[in-house]
Every structure is written in C-alpha cells, then in structure tokens.
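Please read the following report alongside the sequence and the 3D view. It takes a few helices and a few residues in turn.

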Amino acid sequence: MFKKIDKIDKSDYVASSSKKYLGMRGAPLHKAIATIAGLGFLLFGYDQGVMGSLLTLDSFLETFPQINDSVDTSKSTLKGFVIAVYELGCMTGAFFTMWKGDIFGRRKMIFYGSIIMTIGGILQCTSYSVAQLAVARVVSGVGNGFITSTIPTLQSECAKPHRRGALIMMSGALISFGICFSYWVDFGLYFATGDVQWRFPIAFQIVFSLLLTSLIFELPESPRWLVKIHEIERARETFAALDDVSVDDPLIDDEIKDIQAVLKRDLDLGADKFSFSVVFKFDEKKTFHRTMLAYFVQVMQQISGINLITYYAGTIYETYIGMNALDSRILAACNGTEYFLASLIPFYTVERFGRRSLFLFGTAGQAITMAILTGVQWASEYKGDQGAAIACAVFLFVFNTFFAIGMLGMTWLLPPELVTLESRASVTGLSTSANWLFNFVVVMITPVCFTHIGPYTYTIFAVVNAIMVPCIFFFYPETKGRSLEEMDRIFEQSNPKTPWDVVRIAREMPFENRDIDNEDEEDKINLDRSSETSSVSNEKGSASFTLDSVNDTGFFVKNEENKNEQETSQPEKKE
C-alpha cells in the first residue's frame with residue numbers, strides 16, 4: 001500500500017519548481033490559506049450571531065408566532081429548538097466528514113460544504129413557516145459541519161510547526177469577526193420596516209459562502225493528504241510552494257520521508273484496515289487517548305457558556321437586563337466588536353506563551369466571570385439595582401474577552417494537532433460533532449433556564465468552568481513548536497494507564513524541528529544542547545550533527561562527522 005520511504009516516486013506527475021497559488025509562495029501563501037479557508041469560520045460566526053437580535057423583532061415574531069415566548073413562556077422550548085436545530089445539522093455534517101473526508105480530500109469537502117450552506121441560506125431567508133425555517137437551518141448546518149470539520153485539518157497540515165498556532169488563531173478571530181459583523185448588520189436593519197429587517201441579515205451569509213466556493217480550489221491541497229494517497233509529486237510541489245524552495249530541495253525529501261515513515265508505522269499497526277471503531281481502542285499510537293482529548297476540548301468550549309451570549313446577547317440585554325430595543329442592539333453590536341478585538345490577542349501570543357497557558361488563563365477567567373454574573377444579575381433582577389444591571393452588561397464583555405483569549409481558536413487548533421495523520425479526518429470530524437452536540441444542548445436549554453432559574457443559569461457555567469481548569473492542567477500536553485509527526489512520537493512514549501504523563505513527556509522531550517525563527521523555548525533548548533556539545537567535545541572532540549535520514553522507527557537519525565576531519569578532509573579509499 002505504501003511505497004518505500006527511501007525512494008520518492010517521480011513518475012506519474014512532473015512537479016513545477018515555481019508553482020504559485022494566487023500568485024503567492026512561502027509566507028504570503030500561508031497567510032492566504034489562513035484567510036481564505038478562514039472564510040468558512042467567518043461564515044460560521046456570522047450564522048451563529050445573526051439570529052440573536054432578530055428573535056425580538058416584531059416582523060420576525062409576526063411571521064413565526066409559534067416561537068414568541070414574550071407572550072407565552074411555554075413557547076421558549078420550541079424557540080430554543082428552532083435556533084439550536086442548526087447544531088444538529090452541523091453534527092450530521094461532521095459525522096459525514098468522519099466517513100468520507102479522507103476520500104474526497106480537504107478542498108472538496110470545503111467546496112461541497114459552501115454550496116450546501118448557500119442552499120440553506122436561501123431556504124432560511126425565504127421561510128414563511130417555523131417548519132421551513134427549522135429545515136433550512138438543518139441544511140445550513142450540514143454544510144457548516146463539512147467546513148468546520150475540514151478547515152482546521154487543512155490548515156494544520158499545511159502550516160509550519162512554529163506558525164501553525166498563529167494561523168489557526170486567525171480563523172478564531174474570523175469567527176468572532178463574523179459574529180461582530182452579524183450584530184452590526186442586525187442593528188443597521190433594525191431601522192428598516194417589514195420583513196427585510198430579518199430576511200436580509202439571514203440572506204447576507206450567502207455572500208461569504210459564494211466567496212468560499214469560488215476561491216477554495218485556488219489554494220493548495222494538503223500535502224500530507226497527498227502523500228497519504230501516493231500523489232508524491234503533487235505533495236512535493238505543494239511543499240515547495242509552502243516553503244518557497246525548489247522541488248528538488250533536500251528539505252522536501254526530509255518532510256516527505258518523515259510523513260511516509262509515520263504512515264508506514266500506522267500501516268504496520270493496521271491502519272489499512274482503519275474503521276470508526278479504531279478510535280475507541282487503546283493501541284501503540286494511543287488513538288483512544290488522543291481521540292478523547294480532541295473530543296473533550298470541543299465539549300469544553302461549548303459547555304463554557306459562550307453561546308449563551310453569542311446566540312442571545314440582544315435578548316439578554318433587552319429581556320433580562322431591561323434595556324430598550326435600540327440600546328440592547330447597540331450594546332450587542334459593541335459586545336461583538338470587543339469580542340473580535342480580543343480574539344486578535346492569541347494571534348500574537350499563542351506561539352510565545354503556548355497553548356496550555358492561554359487555555360488555562362481563559363478558562364479560569366471564565367469561571368470567575370460567570371460567578372460574578374450570577375451575583376450582579378440577581379441584584380439587578382430581584383433588587384432592581386441599576387448599577388448591578390450595568391455591571392452585568394460589562395461582565396458579559398469580560399467573559400467574551402477571556403473566552404477569545406483562551407478557548408475561541410484553541411479548540412479548533414488542538415484536535416488536529418493531537419491526533420494521527422491516518423485518523424485525523426475521522427477524529428477531527430468526531431470532535432467537531434461534539435462541538436455541535438453540546439452547542440445544541442446549550443442553545444436549547446438557555447431560554448428555558450432563564451425562564452425558570454433566572455440568574456442562577458450563570459452559576460451552572462461558573463461551576464463547569466472551574467472543573468475544567470484542573471482537567472486542562474493535568475491532561476493536555478503543550479503542542480507549541482511541535483510537528484504533527486513529533487506529536488505521534490510523544491504519545492507513543494506515554495502510558496495508557498497514566499494518561500497525564502503525556503504532559504510531562506511533551507515538556508521534557510527535545511524538539512526535532514530546528515526552524516531558525518522558532519521562539520523562546522526552542523532557542524533555550526538550542527542553547528542547552530550547545531552547552532552539552534561543548535562538554536562532550538572536551539572528551540571526544542568537536543562534532544557536528546545533521547538530520548539526514550529516518551531510521552526504521554521513523555525517528556530522524558543524527559549523522560556525526562568529526563569536525564576536525566571535515567576541515568582537513570581526505571579522499572575516501574575506494575574498495
């Protein structure tokens with residue numbers, strides 16, 4: 001099934017040494033991938049945020065009186081279902097990606113998803129009944145499931161290890177920008193009259209899906225997926241464009257050999273017979289362990305309570321804090337804007353402070369904020385304290401800030417970083433389905449909780465966030481600066497009976513990637529290694545090392561040459 005890793009096939013396809021995508025190579029191409037693929041996340045964010053301020057519009061409620069819970073609180077359950085059913089569609093799309101994602105490839109899955117979202121958007125904006133609106137939201141959800149299950153994989157498999165985090169954080173920022181943009185569109189259309197108040201904001205998402213449809217095939221396919229399906233020369237061409245080097249550069253050979261070595265090990269462990277059941281088994285690759293880490297990082301994002309705010313910001317300000325319709329929409333739009341600005345912070349910090357630090361910081365802040373919201377919302381609702389109402393509005397901003405820094409992009413970055421190449425599409429699809437399943441639960445129960453327990457709704461999420469902090473600390477390893485193949489080797493050394501030891505292994509295992517612009521931690525390791533080399537040279541002579549080959553376990557082998565001999569090289573004797 002796999003070809004020998006020491007002989008790279010060049011027979012079926014002639015690679016271009018100067019292939020460009022959208023006229024770009026190297027760093028500009030990486031940014032283009034993050035931006036264009038990120039349109040899918042912008043679309044995701046827009047679709048999440050657009051309904052929040054429409055639910056209280058008279059024109060919307062006149063069209064769909066069955067979900068008008070302002071006059072009959074028993075309708076809150078149906079209202080929650082119609083909004084949340086979108087997540088069930090997303091979950092369906094994610095499950096399909098698990099099944100067929102590796103067959104169609106990364107770009108095709110995104111392409112098909114964008115087309116389905118266009119159809120769903122048309123059906124939503126032309127709805128005249130609750131049934132049509134619900135079905136249309138399911139259709140849009142299926143398309144979004146395709147997109148959000150695939151984009152993180154494409155970006156992770158194209159990005160350099162030391163830039164992967166920042167580029168995927170850009171996608172997180174685009175989610176928040178989509179939410180922000182939808183809030184301002186809702187606000188602008190508030191001054192219109194008739195059905196256009198809500199039909200136009202819903203229809204506008206079609207612009208983003210059409211852009212994604214038209215641009216996705218201008219990007220390169222994942223080179224790791226190309227190696228997996230034996231399209232070696234296309235992979236070589238793609239790596240060359242991403243690294244901005246010649247297709248004959250030895251670095252390209254090293255990258256392809258390393259991927260093939262990992263695939264060969266996967267094949268030896270039965271990857272050619274991969275099925276859905278494999279992700280639930282403990283094996284040498286620790287597939288089940290890694291699947292659970294990827295799955296629960298998405299669960300944690302949703303049960304943090306973020307969609308309580310994202311979907312219902314306008315409703316919270318107007319119905320539960322007591323603001324008038326205009327002020328509540330202005331504040332919701334400002335909330336979305338601040339959310340977007342805060343989401344830019346991890347773009348600049350994730351590769352400096354690492355995934356774990358931001359994850360822990362954000363989650364701890366979310367727990368504290370939700371506890372404070374319980375108190376100020378209680379004082380506002382039961383004591384009529386106007387100052388508490390203002391504080392409640394402010395701490396909704398604060399929660400968004402902590403979430404944007406710690407969780408927004410992190411939960412899309414970690415799943416593809418944590419799992420094997422062979423199972424990446426399937427596990428990423430499974431983990432994304434968790435996002436949508438628990439998203440559905442939160443969006444479904446939020447109107448019901450506010451109706452029956454009021455401010456204590458925030459207490460639930462305060463406790464949940466507090467529990468997540470030690471879970472992150474003890475079970476999630478740092479992936480900063482690691483290649484996807486390095487993460488395989490880290491997990492292979494872990495003990496399935498003590499899953500927390502992977503955190504220690506990731507902390508102590510030396511880095512294999514020596515990119516010159518890797519930051520603080522790798523520079524420190526380089527310094528330490530230089531010191532070790534100097535001490536060794538006192539006893540054995542100075543030595544230099546190069547990463548030339550891959551041994552039969554898939555590890556890079558360091559070929560040692562005596563430096564003194566190199567300086568006074570002698571011709572080798574021929575036998």
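Helix H5 (residues 130-158) and helix H6 (residues 161-189) pack at an angle of about 155°, and their axes are 9 Å apart. Axes here are lines fitted to C-alpha atoms, for helices over the stretch in contact, and angles run from 0 to 180 degrees between N-to-C directions. H5 and H6 are therefore roughly antiparallel to each other. The cut-offs for that wording are under 35 degrees for roughly parallel, over 145 for roughly antiparallel, 65 to 115 for roughly perpendicular, and oblique for the rest. On the H5 side the contact is made by Pro152, Gln155 and Ser156, and on the H6 side by Arg164, Leu167, Ile168 and Ser171. Contact means heavy atoms within 4.5 Å. The crossing of H5 and H6 is right-handed; a crossing has that name if the near helix is turned clockwise from the far one by less than a right angle, and is left-handed if anticlockwise.

This is a predicted model, in which local features need pLDDT of at least 70 and side-chain atom pairs count only at pLDDT 80 or more, while totals for chains, interfaces and linings use all residues. Residues are numbered from 1 along each chain as its sequence is written, and side-chain values use heavy atoms, with hydrogens and water left out.

**The chain as a whole**

The protein chain has 25 helices and 2 strands. Both are DSSP runs numbered from the N terminus: helices are H or I with at least four residues, strands are E with at least two. Of the 575 residues, 57% count as buried. Buried means under 20% relative accessible area, exposed means over 50%, and partly exposed is in between (1.4 Å probe, protein chains only). Among contacts between residues at least 6 apart in sequence, 79% join residues at least 24 apart.

An unreviewed UniProt entry places the feature "transmembrane region" at residues 78-97, 109-129, 166-185, 197-217, 358-376, 388-414, 434-453 and 459-477. UniProt positions are given in the numbering used here, feature names are shortened, and annotations may be inferred rather than shown by experiment. In the model, residues 166-185 are 100% helix and 0% strand, with end C-alpha atoms 28 Å apart. Residues 459-477 are 89% helix and 0% strand, and there the end C-alpha atoms are 29 Å apart.

**Helix H7 and its surroundings**

Helix H4 (residues 106-125) packs against H7 at an angle of about 180°, with the axes 8 Å apart. That makes H4 roughly antiparallel to H7. Gly121, Gln124 and Cys125 of H4 meet Trp198, Arg199, Ile202 and Ala203 of H7 in this contact.

The buried residues of H7 are Gln197, Trp198, Arg199, Pro201 and Ile202. Their cover includes helix H1 (26-49), helix H2 (58-63), H4, H6 and helix H8 (205-215). Phe200 also lies in H7, which spans residues 196-203. Phe200 is partly exposed, with a relative accessible area of 39%. Leaving aside neighbours within four places in sequence, Phe200 is in contact with Val185 and Leu189. The C-alpha atoms of Phe200 and Leu189 are separated by 7.9 Å, although the two residues are 11 apart along the chain.

Gln302 is placed in helix H12 (residues 287-303). Is Gln302 buried or exposed? Gln302 is buried, at a relative accessible area of 2%. Its side chain makes a polar contact with the side chain of Asn435 at 3.4 Å. A polar contact is a pair of N or O atoms within 3.5 Å; within protein, one must be able to donate a hydrogen and the other to accept it, and residues adjacent in sequence count only if both atoms are side-chain atoms. Beyond four places in sequence, Gln302 is in contact with Asn307, Asn435, Phe438, Asn439 and Val442.

Asp102 is found in helix H3 (residues 76-104). The side chain of Asp102 makes a polar contact with that of Lys228, at 2.5 Å. Asp102 and Ser423 are 321 residues apart in sequence, yet 9.1 Å apart in space, C-alpha to C-alpha.

Most residues other than glycine have a negative phi.
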